Amino acid sequence: MLSEGGSFMKGMAMGGIFCLGLSLFGSFSPATEHGPGEQHHHHHVKAPSKDELTRLSDGHVLELVNQVRVSCIIMVQPKILVHWAAALDTWSKHCDKAVFYTSESSKALEAVDLNEKDDWARLRKALNHAYENAGDLRWFFVAKATTFAIIENLKHLVLTKDPEEPFYLGNAMKSGELEYVAYESGIVLSYEALKRLVNVLQDEEKCPERGHALWAMSEDKQLAVCLKYTGVFAENGEDSHGKGLFNSKSVDSLITDSMRENPTNVVEGCCSDLAVTFNDMSPNQMQVMMFGVYRLRPYGHDFHDLLVFQPPEGSDND
């Protein structure tokens, strides 16, 4: 009985230490390298409204449209080859630059082989590579192969934002005191945010490649911790009415949820007209989305968009 009691007390002690560790992590707030004046607290970043755009001159709008160019960082693995192929054939064509990063090489499709199994280490390498090869691109969109993105809506969201400020956007979530952008909904980084991130990635104390925690932390949370050290904080991307633009579910799931929760107004309850991403999409659903977003037009309806984002030069996008 004594040994059983001793084991029980040891278990209680270990459990207490583990709970204490979780509590400490929940309230974890790393010191930042930038002073209070340099910290960038938006938390809710809204796309410009139609009224705001109409107040801009045609010349100014054209200048902004030409300046907003997006580099897409798409994380893939050979085991999800069909999703990889679908992303290549659909929405990624609308990126100004799209690079696929893989855990291991594949003869079927072209990608940057990072030769790395660990998800966080692989994401770090991909972000470093994207920064080193940015050229004149100033916005970066990180997505999984199961994500479908409408890049024109992303460009609309950041149209009037300065990429020389540290933006870190998407579907902002909270875990304890840590705010982070959910990976499955897509992550947007401005050039300044990516530059700060690349710098702190070199600091193994603040941003280790292999986590020191007793429990595994997802790569989106590790990214948020590293960015927080540099004064960059997670922000929720929204339309001018405050509706989120980055979705962690597929269109089918969102409509089903809305039919149950908002039966009298399914469309309004589903998602924003300017949604940027949907997740957990099958390859067939991606093809259907491409048809619906870029090809289907009702007869007799004229579209007079204030913004027209031209496809990248040489692109075969829809």
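Trainee: Cys72 first. Buried or exposed?
Mentor: Buried. Cys72 has a relative accessible area of 0%. The cut-off for buried is under 20%. Keep in mind that this is a predicted model.

Trainee: Which cysteine is Cys72 joined to?
Mentor: Cys95. A disulfide joins the two, with an S to S distance of 2.0 Å.

Trainee: Left-handed or right-handed, that link of Cys72 and Cys95?
Mentor: Left-handed. The angle about the S-S bond is -90°.

Trainee: And what does the pair tie together?
Mentor: Cys72 sits in strand E2, residues 70-76. Cys95 is in the loop between helix H4 (81-89) and strand E3 (97-102). The two cysteines therefore tie together parts that are 23 residues apart in sequence.

Trainee: What about Cys95, buried or exposed?
Mentor: Cys95 is buried too, with a relative accessible area of 4%.

Trainee: How many disulfides does the count come to?
Mentor: Three. Count the bonded cysteines along the chain and the pattern is 1-2, 3-4, 5-6.

Trainee: OK, Cys207. Which cysteine does a disulfide join it to?
Mentor: Cys226, with S to S at 1.9 Å.

Trainee: Where do Cys207 and Cys226 lie?
Mentor: Cys207 lies in the loop between helix H7 (191-200) and helix H8 (219-229), and Cys226 lies in H8 itself.

Trainee: Why is the disulfide of Cys207 and Cys226 right-handed?
Mentor: Because the torsion about its S-S bond is about 90°. Cys207 and Cys226 are both buried as well.

Trainee: That leaves Cys270. What is the S to S distance to Cys271?
Mentor: 2.3 Å. It still counts as a disulfide, because the sulfur cut-off is within 2.5 Å. The Cys270 and Cys271 link is right-handed, with 55° about the S-S bond.

Trainee: Are those two buried or exposed, Cys270 and Cys271?
Mentor: Buried. Cys270 has a relative accessible area of 14%. Cys271 comes in at 15%.

Trainee: Switching to helices. At what angle do H7 and H8 pack?
Mentor: About 95°, with the axes 9 Å apart. The range for roughly perpendicular is 65 to 115 degrees, so the H7 and H8 pair falls in that class.

Trainee: Which residues meet there, between H7 and H8?
Mentor: From H7, Ala193, Leu197 and Val200. From H8, Leu223, Cys226, Leu227 and Tyr229. By class, the H7 and H8 contact has seven nonpolar residues, no polar ones and no charged ones. Note Cys226 in that list. It is the disulfide partner of Cys207.

Trainee: And which strands does H7 lie across?
Mentor: Strand E5 (139-144) and E10. H7 runs at about 90° to E10.

Trainee: What is the strand order in the open sheet?
Mentor: E1-E11-E7-E10-E5-E2-E3-E4, eight strands with mixed pairing. The edges are strand E1 (44-46) and strand E4 (112-113), each pairing on one side only. The order also includes E2, the strand that holds Cys72.

Trainee: How many bridges between E7 and E10?
Mentor: Three, in the antiparallel sense. E7 covers residues 168-170 and E10 covers residues 187-190.

Trainee: What stands opposite Gly170?
Mentor: Ile187 in E10.

Notes: Residues are numbered from 1 along each chain as its sequence is written. This is a predicted model: local features need pLDDT of at least 70, side-chain atom pairs count only at pLDDT 80 or more; totals for chains, interfaces and linings use all residues. Side-chain values use heavy atoms; hydrogens and water are left out. Helices (H or I, at least four residues) and strands (E, at least two) are DSSP runs, numbered from the N terminus. Buried means under 20% relative accessible area, exposed over 50%, partly exposed in between (1.4 Å probe, protein chains only). Axes are lines fitted to C-alpha atoms, for helices over the stretch in contact, and angles run from 0 to 180 degrees between N-to-C directions. Angles under 35 degrees count as roughly parallel, over 145 as roughly antiparallel, 65 to 115 as roughly perpendicular and the rest as oblique. Contact means heavy atoms within 4.5 Å. Ala, Val, Leu, Ile, Met, Phe, Trp, Tyr, Cys and Pro count as nonpolar, Asp, Glu, Lys and Arg as charged, and the others, Gly among them, as polar. Two strands pair if DSSP finds at least two bridges between them.
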